[in-house]
Amino acid sequence: MTTTTPAPAATATAHLRRWPATGLLLTASGVLATVGATILSVSFGWPAVLDEPGTAVLPLFTASETAIRAGFYLMLVSSLVLVPAALGVEAALTRATPGTRAMTVFGVAGALFQILGWVRWPITVPYLADAYAQATDAAGRQAVAASFDVLNRYGGGALGEHLGWLFQGVWAVFVGIVVVRALGVPRWFGALGLGLAAVWAVLVPGAAVLRSEAMNTIGQPVYTAWYVWLLALGVLLVVRRVGPAGPATA
């Protein structure tokens with residue numbers, strides 16, 4: 001009697017599985033970000049408004065405060081769910097080596113930096129907007145606007161835009177690489193995600209550092225397209241059996 005050794009491909013396929021929790025988290029992040037961005041674009045002129053001074057932003061905020069706060073809360077939650085989602089992507093598509101854990105840290109840190117940027121809008125800015133509206137003279141309004149400008153440059157510029165996008169960019173490229181290598185995922189899909197990530201990971205943080213409108217004009221749509229790709233990755237993890245490349249472990 002002879003025994004047949006399973007083919008490597010068959011052995012690897014047997015270890016593939018669906019990851020519905022991780023997939024739903026990625027999908028939820030994409031949906032929340034899309035809805036939040038739409039609300040903010042319509043009611044607040046976001047993201048162009050981020051470059052305006054407090055004297056222009058605070059009255060706009062007061063005029064549509066409820067909608068604006070709701071939009072930023074959605075963006076905040078969108079970034080928050082990326083924290084467990086990043087851990088889930090590592091579990092689903094990698095062998096959890098020290099290197100992949102380090103890359104996951106970039107994803108978690110990037111999401112947390114973005115949260116610190118988002119949270120100023122529903123928590124601190126309403127107080128400044130009220131103080132600006134209640135100021136009785138130009139000097140008082142200017143002082144409040146200057147406080148907003150400092151907060152905006154630190155919370156938005158330093159944390160959300162510089163550190164948030166920088167760390168998330170590193171993670172995005174890492175995700176593209178592991179998806180290209182993963183079993184059960186179309187190679188073209190991984191290549192698309194890697195290409196989008198590689199472009200925006202350079203252009204979006206670079207635009208924030210260099211104050212380059214041209215880089216931002218190209219980078220932001222690519223970043224949006226990557227986020228749609230990330231949403232699609234979430235759907236894929238729900239409906240398809242996938243796994244990391246390399247020899248399967250018992």
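Modeller: The model is predicted, so local features need pLDDT of at least 70 and side-chain atom pairs count only at pLDDT 80 or more, while totals for chains, interfaces and linings use all residues. Residues are numbered from 1 along each chain as its sequence is written, and side-chain values use heavy atoms, with hydrogens and water left out.

Colleague: How many helices and strands does the chain have, and how do you know where a helix is?

Modeller: The chain has 10 helices and 0 strands. The C-alpha atoms fill a box of roughly 95 × 30 × 30 Å along the principal axes.

Colleague: Why is Trp 188 called exposed?

Modeller: Exposed means over 50% relative accessible area, buried means under 20%, and partly exposed lies in between (1.4 Å probe, protein chains only). Trp 188, in helix H9 (residues 187–210), has a relative accessible area of 60%, and is therefore exposed.

Colleague: What makes Thr 22 buried, and which residues does Thr 22 touch?

Modeller: Thr 22, placed in helix H2, has a relative accessible area of 7% and therefore counts as buried. Leaving aside residues up to four places away in sequence, Thr 22 touches Ala 85, Gly 88, Val 89 and Leu 237, a contact being heavy atoms within 4.5 Å.

Colleague: Why is Leu 230 called buried?

Modeller: Leu 230, found in helix H10, is at 0% relative accessibility, so it counts as buried. Beyond residues up to four places away in sequence, Leu 230 touches Leu 26, Leu 82 and Trp 171. Leu 230 and Ala 172, 58 residues apart in sequence, are 9.2 Å apart in space, C-alpha to C-alpha. For the chain as a whole, 45% of the 250 residues count as buried, and residues 24 or more positions apart account for 81% of the contacts with a separation of 6 or more.

Colleague: Why is Ala 37 not called buried?

Modeller: Ala 37, which lies in helix H2, is at 22% relative accessibility and therefore counts as partly exposed. Ala 37 touches Trp 46 and Met 75, not counting residues up to four places away in sequence.

Colleague: What sets the peptide bond between Trp 46 and Pro 47 apart?

Modeller: The bond joining Trp 46 and Pro 47 is cis, with omega about 10 degrees, and Pro 47 lies in the loop between H2 and helix H3 (54–63).

Colleague: What makes a space a pocket, and how much space lies in the largest pocket?

Modeller: On a 1 Å grid over the protein atoms alone, a pocket is an open set of points where a 1.4 Å probe fits, with protein on both sides within 12 Å along at least five of seven lines, and lining residues have an atom within 4 Å of a point. About 860 Å³ of space lies in the largest pocket, the volume being the space filled by probe spheres set on points joined across faces, edges and corners. Of its 35 lining residues, the closest to the centre are Trp 46, Pro 47, Leu 50, Trp 165 and Gln 220. The largest share of that lining, 8 residues, comes from H10.

Colleague: Which classes of residue line the largest pocket?

Modeller: Its lining has 17 nonpolar, 13 polar and 5 charged residues. Ala, Val, Leu, Ile, Met, Phe, Trp, Tyr, Cys and Pro count as nonpolar, Asp, Glu, Lys and Arg as charged, and the others, Gly among them, as polar.

Colleague: Which classes line the second largest pocket?

Modeller: The lining of the second largest pocket has 2 nonpolar, 4 polar and 7 charged residues. About 240 Å³ of space lies in this pocket, and of its 13 lining residues, the closest to the centre are Leu 50, Asp 51, Asn 152, Arg 153 and Arg 211. The largest share of this lining, 7 residues, comes from H8.

Terms used
Helices (H or I, at least four residues) and strands (E, at least two) are DSSP runs, numbered from the N terminus.
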